[in-house]
Amino acid sequence: MGPHNRLVESEHRFINELVRIVNGALRLDVDKVRNYTAFLAEKLEADGQKSSADRLRKLLEENDNQLRPAEVRFAKVLPVDSESRFPLIERVKVKGMQEPPVQLLQPQWDVVNEFVSVAKSYASLDTNELSGALSLLMYGPPGTGKSRLARYIADELGLELYVARLDGLISSYLGSTSKNIRALFDFAAKTPCVLFLDEFDAIAKVRSDGQELGELKRVVNSFLQNLDTLGRQSIVLAATNHDALLDAAVWRRFAYRLALQLPTPDQRARMWADFLDPVQFTDRELAVLGDLSEGFSGSDIREICARLRRRYFAEKKPLQLSDAFPVLQNLALGGKDESRFVSRLADKDVVAIVHALRERDPRLYSLATLADLLGLSKATAQRLSKRGGEGEGAANG
Ligand SMILES: Nc1ncnc2c1ncn2[C@@H]1O[C@H](COP(=O)(O)OP(=O)(O)OP(=O)(O)O)[C@@H](O)[C@H]1O
Ligand SMILES: [Mg+2]
């Protein structure tokens with residue numbers, strides 16, 4: 001490969017940035033020009049062309065003084081809210097966290113795996129084709145693993161994870177909002193990272209509200225355009241609990257979309273096992289816990305397990321099914337006063353529970369299992385199960 005080829009190659013490498021700068025200049029989009037000039041400077045420097053890089057930076061600084069406080073000019077300084085000075089973006093630790101595995105269904109893994117593998121090749125692709133950041137929108141109920149997946153993906157890609165909560169970004173002051181948006185994208189454009197836009201529906205709320213929000217809407221639209229023009233150095237994830245709020249134009253901005261939902265019984269059983277570690281339950285006990293936690297999110301199960309583990313470490317004695325049951329029941333009933341449950345249950349309540357569970361799944365809820373679960377002797381469990389059988393009328397009367 002001769003010197004001529006090398007030259008051509010290096011020209012190619014920066015053409016994307018040049019095109020964006022020219023594009024920004026033609027549209028009088030000062031920020032775009034700035035962002036990509038700064039980005040180009042970084043690329044040049046990384047390429048060993050330090051004096052060219054410095055020239056560009058000097059140019060930026062000379063024209064920047066009255067516009068921005070000094071600390072915002074350089075990447076790695078986290079952008080802050082222009083009013084409150086609170087960080088707009090937060091770096092989340094990903095490396096070496098050793099979290100329990102993510103539970104997804106196979107079709108969901110297919111999406112995640114494809115996203116990760118495309119993202120890995122994306123940054124190194126060297127074409128002239130203009131394409132922006134790779135993006136994934138995750139949606140689903142609270143506690144179903146959206147933030148967890150963001151950490152997983154950043155970890156897989158070996159990139160830093162930065163989280164921006166959009167409701168914090170959009171202030172009721174128009175001026176602050178545009179400054180915040182600019183600061184966020186300035187940062188993202190300069191930083192190779194996974195950018196995680198949490199509470200993404202905050203965007204949609206602004207777009208759909210009526211009143212004198214026309215101006216704010218314009219700002220939000222510019223947010224979405226910024227998203228489009230972010231370069232490939234950024235991987236963008238977004239999460240929302242309210243997918244119904246997002247309009248088609250917003251959905252279209254994301255190349256990948258992933259619906260998450262409450263875990264299946266099998267997934268719940270695996271979560272119980274993973275989250276309780278090092279406490280061991282048998283497969284049968286895990287199946288019972290998985291069944292009883294119907295309607296719980298991964299986050300709910302995680303919470304109960306954290307509590308049971310603390311107890312295990314404090315008391316240093318093995319945990320039984322009957323330890324998990326009151327906590328579970330309390331959470332399921334949304335109760336506040338735990339002393340009301342199980343240990344204080346009247347006989348007729350225990351009878352009702354025994355019956356309900358026998359009816360639900362007689363094989364899973366054998367008398368032995370019910371005895372374990374409710375902390376009864378097997379004889380008592382048997383007696384109670386019989387009593388309820390004939391005594392429906394008695395229980396009601
Ligand atoms: N599918 C899952 N697989 C493994 N762990 C999960 C899963 N879902 C939730 N968890 C556990 O619950 C914790 C909380 O979940 P996470 O913060 O990811 O929920 P979220 O979907 O981001 O909720 P929110 O909408 O409230 O932000 C996770 O850190 C993880 O420990
Ligand atoms: Mg979350």
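A residue is called buried if 20 or more other C-beta atoms lie within 10 Å of its own, exposed if 12 or fewer do, and partly exposed in between, with the C-beta atoms placed from the backbone. By that definition, 33% of the 397 residues of the chain count as buried. The model is a predicted one, in which local features need pLDDT of at least 70 and side-chain atom pairs count only at pLDDT 80 or more, while totals for chains, interfaces and linings use all residues. Residues are numbered from 1 along each chain as its sequence is written, and chains are lettered from A and ligands numbered from 1 in the order in which they are written.

**Overall fold**
- The chain has 18 helices and six strands, which are DSSP runs numbered from the N terminus (helices H or I, at least four residues; strands E, at least two).
- Among contacts in the chain with a separation of 6 or more, 71% join residues 24 or more positions apart, a contact being two C-beta atoms, placed from the backbone, within 7 Å.

**Shell around ligand 1**
- Ligand 1 is surrounded by 13 residues, of which G145, K146, S147, R148 and G298 are the closest; a residue is near if its C-beta atom, placed from the backbone, lies within 6 Å of the molecule.
- At least two residues of this shell come from each of helix 5 (146–157) and helix 13 (298–315).
- Domain 2 (77–259) and domain 3 (263–321) each contribute at least three residues to the shell, with the domain bounds taken from an automatic or database domain assignment.

**Helix 9**
- Helix 9, residues 214–229, has 16 residues and reaches 23 Å from its first C-alpha to its last, close to the 22 Å expected at 1.5 Å a residue, where the expected span is 1.5 Å times one less than the number of residues.
- The buried residues in helix 9 are L216, V220, F223, N226 and L227.
- These residues lie on the same side of helix 9 because they cover an arc of only 105° around the axis, the arc being that of the directions from the helix axis to the C-beta atoms.
- On the other side of helix 9, G214, E215, R218 and D228 are exposed.

**Two individual residues**
- E99, in the loop between strand 1 (89–92) and helix 4 (106–122), counts as partly exposed because it has 13 C-beta neighbours inside 10 Å.
- V33, found in helix 2 (residues 30–46), counts as buried because it has 20 C-beta neighbours inside 10 Å.
- Not counting residues up to four places away in sequence, V33 touches I21, G24 and A25.
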